[in-house]
Amino acid sequence: MTRAEFIDRLKEGLVGLPTTTANEIITDYQTHFDDGLAAGRTEAEVAAALGDPVRLARELKAEAGIQRWHQEKNPSAAAGAVFAVLGLGALDILILLPLLMGVIGTVFGFFIAAVALFVCGGVIMVAGPFAGFPGGPFAAILMGLGLMAGAVFIGALLAVFTIWLVNGIVWFARLHYRLLKPALEPTPVSTTSTSGVSA
């Protein structure tokens, strides 16, 4: 594979990343080629040492999604991290996908239930005193506040569980990433280049 082919495939794989981040990655890999060629290696040898650019792009996108999650910890970053990890396409991640979708569906269902409970509590607290709520207006206000507090508690538990779940997925992906990481390291290319010159 030539340098141009490698870079073109890497660019295609990095679509979806912020332009600045993608440009920095491309520049880094251009430098790997420059260093390899300066050490007397061919473009094909450097490309082979770097690995499959499509797979490399998936791993880099997954890493970018994981870093964003660690920095922001919001629903958008969580979704980005999960989809980036799934984008790795590792077989055992895909085997876990049905289980993961079931868990996410359950969490979403509890979230909808918590929202509904909060709304019901608000309605009872506001309208109950005027609608002849059993036990009188004071009981209606207490009941409404209790339901709203319960909804907030459920929401807090869901937030903690969601953070735990995303962190677990990230940890699982890191195991794969460490196994694949040698392809991402610049050191093997330059080390091999050096040894090739000295030989």
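Analyst: Helices are here DSSP runs of H or I with at least four residues, numbered from the N terminus. The model is predicted. By that numbering, Val-123 belongs to helix 6, residues 91-127. Val-123 also takes part in a nonpolar surface patch, together with Phe-108, Phe-111, Ile-112, Val-115 and Val-119. The accessible area of these residues together is about 560 Å².

Two packed helices are described by the angle between their axes and the distance between the axes. For helix 1 (residues 3-13) and helix 4 (residues 53-72), the axes come within 8 Å and cross at roughly 35°. The crossing of helix 1 with helix 4 is right-handed. On the side of helix 1, Phe-6, Arg-9, Leu-10 and Gly-13 make the contact, while helix 4 contributes Pro-53, Leu-56, Ala-57, Leu-60 and Lys-61.

Leaving aside residues up to four places away in sequence, Gly-13 touches Ala-57 and Lys-61. A distance of 7.6 Å separates the C-alpha atoms of Gly-13 and Pro-53, which are 40 residues apart along the chain.

Helix 1 is also tied to helix 2 (residues 19-38): Arg-3 in helix 1 and Asp-34 in helix 2 are linked although 31 residues apart. Arg-3 and Asp-34 form a salt bridge, with 2.8 Å between the closest N and O atoms. The structure holds one salt bridge.

Conventions: Residues numbered from 1 in each chain as written. Predicted model: local features only at pLDDT ≥ 70, side-chain atom pairs only at ≥ 80, totals over all residues. Heavy atoms only, no water. Axes fitted to C-alpha atoms, helices over the stretch in contact; angles between N-to-C directions. Helix = DSSP H or I, 4+ residues; strand = E, 2+ residues; numbered from the N terminus. Left-handed = near helix turned anticlockwise from the far one by under 90°. Contact = heavy atoms within 4.5 Å. Patch = residues over 30% accessible without salt bridge, like charges linked within 9 Å, V, L, I, M, F, W, Y side chains within 5 Å. Areas by Shrake-Rupley, 256 points an atom, 1.4 Å probe, with all protein chains shown as cover. Salt bridge = Lys/Arg side-chain N within 4 Å of Asp/Glu carboxyl O.
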